[in-house]
Amino acid sequence: KPVDQKPAGETPPREMKNPIHLRAEGMTFNQKTGVAESEGRVDFQLPQAAGTAHGATYDSKNNALTLHSAVDITSEGKQPTHILAHSGAITKEPRVVTMESVQMTGESRTLLADEAIVYLAADNAVQRVNAMGNVRLSDAGGLQLRAPKGELTLGAKNLVESALFTGGVDFESAKQAAGGHSGEMRMQFVAREAKHKAGSSTEARRLQTIYASQGATLRQAPRPGSPHPQALTMTSDAMTFALNAEQQLSSAETAGPGELTIRSTDPKQAAAGAGGQTGNASLLAAGAGDTVIDAQHFTADFGEENRLRTMHGRGAVQVTSRAPGEPDKVSTSETIMAEFSPAGEITRAVQEGDFRYREGQSSKDEPGGRRGWAARASYSPLDESLTLVGDPRVVDGGTTVTADSIRLLRGGIEKSGGEMFAVGNVKTTYSELTAQPNGALLATSDPVHVTARTMNALQSSGLAHYTGGARLWQGSNLVE
C-alpha cells in the first residue's frame, strides 16, 4: 500500500514530493537492496497519471519502477492520454517513462510504435515523446502516417505543439483519396477551442501546417464517377501544406523546383462508366496518357474534399503531354496557371511569358511537326483548343501563320486532323514547294504568301479558307 501517508498539516520531507504510489497483489521487499517486487496486479499513481500493470519491480533507492507486462496508463486533465504497452519503466532521474510495443491515444489521435520514451518535466508533465520502430500515427480526420521514427513535443495541459517524423514517411487519407511520401515530415499544431453542447469549452490543438522535405510526393486519386478521370501527382524536394480549421488541405507550396503529373485514363474506359462520353488528345489533358508540368516554384490551392482547385507555376515552365501513338506535345513559358473542376479535371490553363510550343511528326508522310510562339497561350478542354495571342506564330511543316490571335483545335486529330483559326492581320507563307515545269500560275518553287482578316485551315484535307480582303502572291503573280 502507499507508504507516503502523513498526518494532516504535516509538511512532507523533500524526498516525498512527487511520489510514486503503489498498490500490489502480493509483494516481497528486500531491505538491503531496497527493491520491492510483485508478480500480480499492480496499481500505481503519479502526480500526472495513474495506471495498472501485471507484475512490477520497484527500486526505492533509485526511484525506478519497472512494469513487467500489460501496462495501462491514463494521464489526468481535460485532454487525457491513454497509453497501452507491453512493458515499461518509470524513473525519476532522469524523469522518463520507457515503454515497449506502445499505443498512445489522445486528442483524437493514436500513436503506435515498437518503443517510446516519454520525457517528463519536474512536475511530471509530459514534455516530449520519442517513438522508434514502425511508428504509426492516425487521427479522426482519416490521416494515416507511417515512419521509422517520430518525436512529439507537448506544451501545457499535455497538448501537442509539434511532431517530427524521420527516416522515410508514408502517409495517406482514404477519406480524401490522397497520399504520398517524404524523407522527413514536420507538423505544427495551433490552439483550437472545442465547444460542447452544455456551452462549456475545452482547449485543444489542431494541425495547421505540414512541412515535408528530403523528397516530397503528394498523390491524389481520380474522383469516382468522373467522366474523364485524372490522377494527380505533385513532387518536389520540399513542400509545405496548410490545413484549415476543418482539417482540410487548403494549400501547398514547393520550396524549389517541382513537378505536377496529370495521368488520364483511357477515354473509352471512362465512357463505359459515364454513359458513352469520350475525350480527345490535347496539350494539357491527353485522353489516355500523362501531362507533366515542371516549374521552379509551385503554389496550389485546394477546395472541397481536398481536391486541387488552382495551380500556379513560375520559372522555366515546361508542359509535356504524352499519349499512346502520338508525338509528344511540349510547351514552355515563364508562368502557368491551371484551374480544376471539383472532379479534379482541368477546366482552363494559361501560360504566359515567351510561350513556345512544339510537337513532332505524327507520321512519316507529314512535311514536319508543328511549332508555335506567342506571349500568351490559353487552353480550354471544352473544345480541346489552344489560343495564342501576343504576336503569335505557328509553323506547321512548310507553312507559317501569323495573326493577332491563332486558335488550334486538337480535338479529333487522330481521326480527322487538327483545325486552325487565325483572326486579324492574318499572313500565311507556304514554302518548301516543288516546282511544276508544266504548270502556269503558282507553278514555281518560290514561297506563296496569303493575307486576309481571317483564316480557317483543316489539317486532314489540306484546305485553308481565307476571308476578308484576301490577297495571294508568288513572285510577280498576284491574286486579290
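**Strands, contacts and charges**

Visitor: Which residue in E22 stands opposite Val 317?
Guide: Val 317 stands opposite a residue of E22, a strand that spans residues 329-340. Strands here are DSSP runs of E with at least two residues, numbered from the N terminus. The residue in E22 opposite Val 317 is Ser 333.

Visitor: What kind of model is this?
Guide: Residues are numbered from 1 along each chain as its sequence is written, and side-chain values use heavy atoms, with hydrogens and water left out. Local features need pLDDT of at least 70, side-chain atom pairs count only at pLDDT 80 or more, and totals for chains, interfaces and linings use all residues, since this is a predicted model.

Visitor: How many bridges pair E21 with E22?
Guide: Two strands pair if DSSP finds at least two bridges between them. E21 and E22 also form a hairpin with six residues between them, where Gly 325 in the turn has a positive phi of about 80°. Their pairing is antiparallel, and the number of bridges is ten.

Visitor: Which residue of E21 is the bridge partner of Ala 300?
Guide: Strand E20, residues 297-302, pairs with E21 in the antiparallel sense over six bridges. Within E21, the bridge partner of Ala 300 is Met 311.

Visitor: Which residue of E21 is the bridge partner of Ile 293?
Guide: Strand E19, residues 289-295, also pairs with E21 in the antiparallel sense, over five bridges. The partner of Ile 293 in E21 is Val 319.

Visitor: Why does Thr 310 count as buried?
Guide: Thr 310 lies in strand E21, residues 308-322. Buried means under 20% relative accessible area, exposed over 50%, and partly exposed in between (1.4 Å probe, protein chains only). Thr 310 therefore counts as buried, because its relative accessible area is 16%.

Visitor: How many residues does the largest nonpolar core have?
Guide: A nonpolar core is a set of buried Ala, Val, Leu, Ile, Met, Phe, Trp, Tyr and Cys residues joined through side-chain atoms within 4.5 Å. In the largest such core, the residues with the most contacts inside it are Leu 65, Phe 165, Met 187 and Phe 340. The number of residues in this core is 93.

Visitor: How many salt bridges does a search of the whole structure find?
Guide: Side chains of opposite charge can pair when their charged atoms come close. A salt bridge is a side-chain nitrogen of Lys or Arg within 4 Å of a carboxyl oxygen of Asp or Glu. One of them joins Arg 322 and Asp 328 at 3.6 Å, N to O. The search of the whole structure gives a number of nine.

Visitor: How many residues apart are Arg 263 and Asp 290?
Guide: The side chains of Arg 263 and Asp 290 meet in a salt bridge at 2.7 Å, N to O. Arg 263 is partly exposed at 49% relative accessibility, whereas Asp 290 is buried at 18%. The pair links distant parts of the chain, Arg 263 in strand E18 (residues 258-264) and Asp 290 in strand E19, and the number of residues apart is 27.

Key. Helices (H or I, at least four residues) and strands (E, at least two) are DSSP runs, numbered from the N terminus.
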